[in-house]
Amino acid sequence: RYRPDGQLEHLGRLDDQVKIRGHRIELGEIRASLIEDPAVIAAAVVVHQPQTPAARLAAYVVTAPGADLRQIKRRVAGRLPSHLVPETVIAVPELPLTPNGKLDPHRLPVPAETPRPAGTLAEIWEQILGVTVLPGDNFFELGGTSLLAARLRVALQEAGLPAVSLRDIYRNSSLTAMGELLRSQENSARPSGARLSSARETTS
């Protein structure tokens with residue numbers, strides 16, 4: 001606002017921008033993307049456990065009859081970057097409001113705990129990066145550097161996992177992609193008979 005002497009005075013933020021694991025996130029942007037979905041009548045986005053390594057986004061939607069929450073999440077994931085996609089989409093009959101007509105987040109149901117990715121790879125990431133790893137995370141977006149990538153390469157070998165190059169790490173920097181790469185290399189290293197047996201088990 002302008003002061004009587006003509007100088008501008010900063011009153012603080014009026015938006016709902018938050019920071020989650022290194023990303024600045026505008027909750028209104030996510031809400032607007034949800035509202036674009038024809039199956040969504042109203043939406044709200046809330047950060048649970050803010051300012052902690054376990055911070056996560058949850059979306060609450062009032063939907064048209066018969067709406068599929070999985071499809072809603074899939075469609076919003078196609079419109080937004082991965083770090084803006086809510087981990088959980090919850091249907092509610094209506095959005096709770098305060099007497100002033102604003103969203104009352106304290107009356108929204110708390111989502112169930114998101115299962116952490118299990119396995120050696122996630123544990124190695126956590127040891128190197130010093131943060132809690134969740135599905136969809138990217139090594140470099142969590143603070144990974146070329147030096148840490150080199151440490152990751154050594155740690156994977158020490159854990160008995162397939163050897164990967166630094167180029168492999170850069171090209172498969174998400175937890176999902178790196179896990180798929182390691183599984184693919186493990187399958188390639190198996191004897192042909194074992195791979196054939198495994199394929200038969202999968203298709204049976």
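View 1. At 43% relative accessibility, Tyr170 counts as partly exposed, a label used here for anything between buried (under 20% relative accessible area) and exposed (over 50%), with a 1.4 Å probe and protein chains only. Phe140 is partly exposed too, at 22%. The ring centres of Phe140 and Tyr170 are 4.6 Å apart and the planes sit at 15°, so this pair is stacked. Phe140 belongs to the loop between α3 and α4, while Tyr170 is in helix α5, so the pair ties together parts that are 30 residues apart in sequence. Rings of Phe, Tyr and Trp (its six-membered ring) pair up if their centres lie within 6.5 Å; planes under 30 degrees apart are stacked, over 60 edge-to-face, and the rest tilted.

Before moving on, a word about the model. This is a predicted model, with residues numbered from 1 along each chain as its sequence is written. Local features need pLDDT of at least 70 and side-chain atom pairs count only at pLDDT 80 or more, whereas totals for chains, interfaces and linings use all residues; side-chain values use heavy atoms, leaving out hydrogens and water.

**View 2. The whole protein, for orientation.** There are seven helices and five strands here, and along the sequence they run β-β-α-β-β-α-β-α-α-α-α-α. Helices (H or I, at least four residues) and strands (E, at least two) are DSSP runs, numbered from the N terminus. Of the 204 residues, 34% are buried. The accessible surface (Shrake-Rupley method, 1.4 Å probe) comes to about 12700 Å², and carbon and sulfur atoms account for 52% of that.

View 3. A search of the whole structure turns up three aromatic pairs. In one of them, Trp125 and Phe139 are arranged edge-to-face, 5.4 Å centre to centre with 70° between the planes. Trp125 is in helix α3 and Phe139 is in the loop between α3 and α4 (146–158), 14 residues apart. Ring pairs join Trp125, Phe139, Phe140 and Tyr170 into a cluster.

View 4. Look for Ser173 in the loop between α5 (166–171) and α6 (175–189). Ser173 counts as buried, at 14% relative accessibility. Its side chain makes a polar contact with the side chain of Asn138, at 2.9 Å; such a contact is a pair of N or O atoms within 3.5 Å, where one must be able to donate a hydrogen and the other to accept it, and sequence neighbours count only if both atoms are side-chain atoms. Leaving aside residues up to four places away in sequence, Ser173 touches Trp125, Asp137, Asn138, Phe139, Phe140 and Met178, where a contact means heavy atoms within 4.5 Å.

**View 5. The buried face of helix α3.** Helix α3 (residues 120–129) has Leu121, Ala122, Ile124, Trp125, Ile128 and Leu129 as its buried residues. Down the axis, they fall within an arc of 160°, so they line one face of the helix; the arc is that of the directions from the axis to the C-beta atoms. After α3 comes Gly130, with a positive phi near 75°.

**View 6. Helix α1 and the elements around it.** In α1 (residues 27–35), Leu27, Ile30, Ser33 and Leu34 are buried. They cover an arc of only 125° around the axis, which puts them on the same side of α1. These buried residues pack against β1 (17–20), β2 (23–26), β3 (40–48), β4 (56–63) and α2 (69–77).
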